[in-house]
Amino acid sequence: MIKIVKMISVQQMRALPVGMTKATPAKKTGKIYIYNDYLFINEPNEGIHIYNNANPGAPVNVGFLQIPGNVDLAIHNNVLYADNFIDLLAFDISNMNNIKQVKRVTDVFNQFYLPGAQKYLYTYKDTLVKKQTYKGVINDLAYSSNSSSGQGGSMARFTLMNDYLYTVGMNNLSLFDVKTASSPTFLKAISLGWGVETIFPYENKLFIGTNSGMHIFSATDPANPVKLSTYSHIFACDPVVVQGKYAYVTLRTGNMCRQATNQLEVVDIEDPTKPKQIAVYPMQNPHGLSTSGDNLFLCEGNYGIKSFNITDKTKIGDNMLQHLNNIKSFDVIAGPKSLIVTGEDGVYQFNYNNAANLKQLSIIKGQR
């Protein structure tokens, strides 16, 4: 396939069509997000496929929200936030049959500009792509326990907490005030150093995964996050999830990460200013992960998905409940109705009432 690359101006980019079109299957799946009875599946750089997921055994494709250059999303009070290359777009989804764009916040993700070409972006095949896209890095999702917001998985770059939208770029944390959900306001960006990958909110704290460790920020004052500590480890690719006083971090080799190690780390964060490692377990190639009660679900990339009992933090490696090795899995959400897993060939849903016996409910196949 010949890739036709051309440079377009920011004005031309903003003139590209955005909005609802008819339902089509995804060619490639990126981040996923659940909100009420709906499942949102990003198709990297193209937009968001929307499914009615009231019955996880038979999800219904209801439409495609076309957004060039889109990779991330989050939802708060019936407003969907999505990146449109360098801009943030807000859509009113209170009527799923009539989704409307309500705001564009310009130039907030400008780390994707090219040096020396400040007002030009690259498109390929008439579709906007990020020139500095993370080749081979899997785009995953964002989790929020706030009931007015949705829920995603472990590798998010967008998340919501206390009426604020937090987004991470390659080297910064950006804040948006979303008290008026339909009118997000950019407040500021906080520099974090290079290699930022994921963000996870938990009990007024933000846990930011980078390729050299985990930053813990207090968001007690949500407009002014304060860094409490950094937990450093070997250079690797890693998301983080938090439950109670423990953080679970996966490290993996491959992709853009330097050769390191494949493992699950358990970190005691009871004192968030002094995180300390309490256990390490070897894995095959761990990606995203999700906790639910006494169970941890861990994606092993090409090696499948595993479930563990995590009651005893020092024996998780001995307490694997199941290993489904026939599914290529990248990220996972333990949702209210189903365990949702993104794989190379689509999005799977499982009944996980018994974590030792996951039962497949459905698969949304990707069209490659």
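Me: Which residues does Leu 88 touch, not counting residues up to four places away in sequence?

Reply: Contact means heavy atoms within 4.5 Å. In this predicted model, Leu 88 touches Tyr 81, Ala 82, Lys 103, Arg 104, Val 105, Val 108, Phe 109, Phe 158, Leu 165, Phe 176 and Pro 184.

Me: What should I know about the model and its numbering?

Reply: Residues are numbered from 1 along each chain as its sequence is written, and in this predicted model local features need pLDDT of at least 70, while side-chain atom pairs count only at pLDDT 80 or more. Totals for chains, interfaces and linings use all residues, and side-chain values use heavy atoms, with hydrogens and water left out.

Me: How do I read a nonpolar core, and how many residues has the largest one?

Reply: In soluble globular proteins, nonpolar side chains tend to be buried together. A nonpolar core is a set of buried Ala, Val, Leu, Ile, Met, Phe, Trp, Tyr and Cys residues joined through side-chain atoms within 4.5 Å. Buried means under 20% relative accessible area, exposed means over 50%, and partly exposed lies in between (1.4 Å probe, protein chains only). Here the largest nonpolar core has 30 residues. Those with the most contacts inside it are Phe 40, Ile 48, Leu 80, Tyr 81, Leu 88, Ile 93 and Leu 165. Two or more residues of this core come from each of β3 (32–35), β5, β7 (73–76), β8 (79–84), β9 (87–92) and β13 (158–161).

Me: How do I read a salt bridge, and how many does a search of the whole structure find?

Reply: A salt bridge is a side-chain nitrogen of Lys or Arg within 4 Å of a carboxyl oxygen of Asp or Glu. The search finds twelve. One of them joins Lys 31 and Asp 72, with the closest N and O atoms 2.4 Å apart. Lys 31 lies in the loop between β2 (19–21) and β3, and Asp 72 in the loop between β6 and β7, so the pair ties together parts that are 41 residues apart in sequence. Lys 31 is buried, with a relative accessible area of 4%. Asp 72 is also buried, at 4% relative accessibility.

Me: Where do Asp 87 and Arg 104 lie?

Reply: Asp 87 forms a salt bridge with Arg 104, the closest N and O atoms being 2.7 Å apart. Asp 87 sits in strand β9 and Arg 104 in strand β10 (residues 100–105), so this pair links distant parts of the chain, 17 residues apart. Asp 87 is buried, with a relative accessible area of 0%. Arg 104 is partly exposed, at 24%. Salt bridges that share partners join Arg 14, Asp 87, Arg 104 and Asp 107 into one network.

Me: Are Asp 312 and Lys 315 buried or partly exposed?

Reply: Asp 312 is partly exposed, with a relative accessible area of 31%. Lys 315 is partly exposed at 42%. The two form a salt bridge, with the closest N and O atoms 3.9 Å apart.

Me: Which side chain of opposite charge is nearest to Asp 331?

Reply: For charge, Lys and Arg count as positive and Asp and Glu as negative; His and the chain ends are not counted. Asp 331 lies in strand β29 (residues 329–334). Asp 331 is buried yet has no salt bridge. The nearest side chain of opposite charge is Lys 31, 7.9 Å away.

Me: What joins the side chains of Asp 331 and Ser 154?

Reply: A polar contact is a pair of N or O atoms within 3.5 Å. Within protein, one must be able to donate a hydrogen and the other to accept it, and residues adjacent in sequence count only if both atoms are side-chain atoms. Such a contact, of 3.0 Å, joins Asp 331 and Ser 154.

Me: Is Asn 53 buried or exposed?

Reply: Asn 53 is buried, at 7% relative accessibility. Asn 53 lies in the loop between β5 and β6 (60–66). Beyond its neighbours within four places in sequence, Asn 53 is in contact with residues including Asp 37, Lys 337 and Gln 349.

Methods. Helix = DSSP H or I, 4+ residues; strand = E, 2+ residues; numbered from the N terminus.
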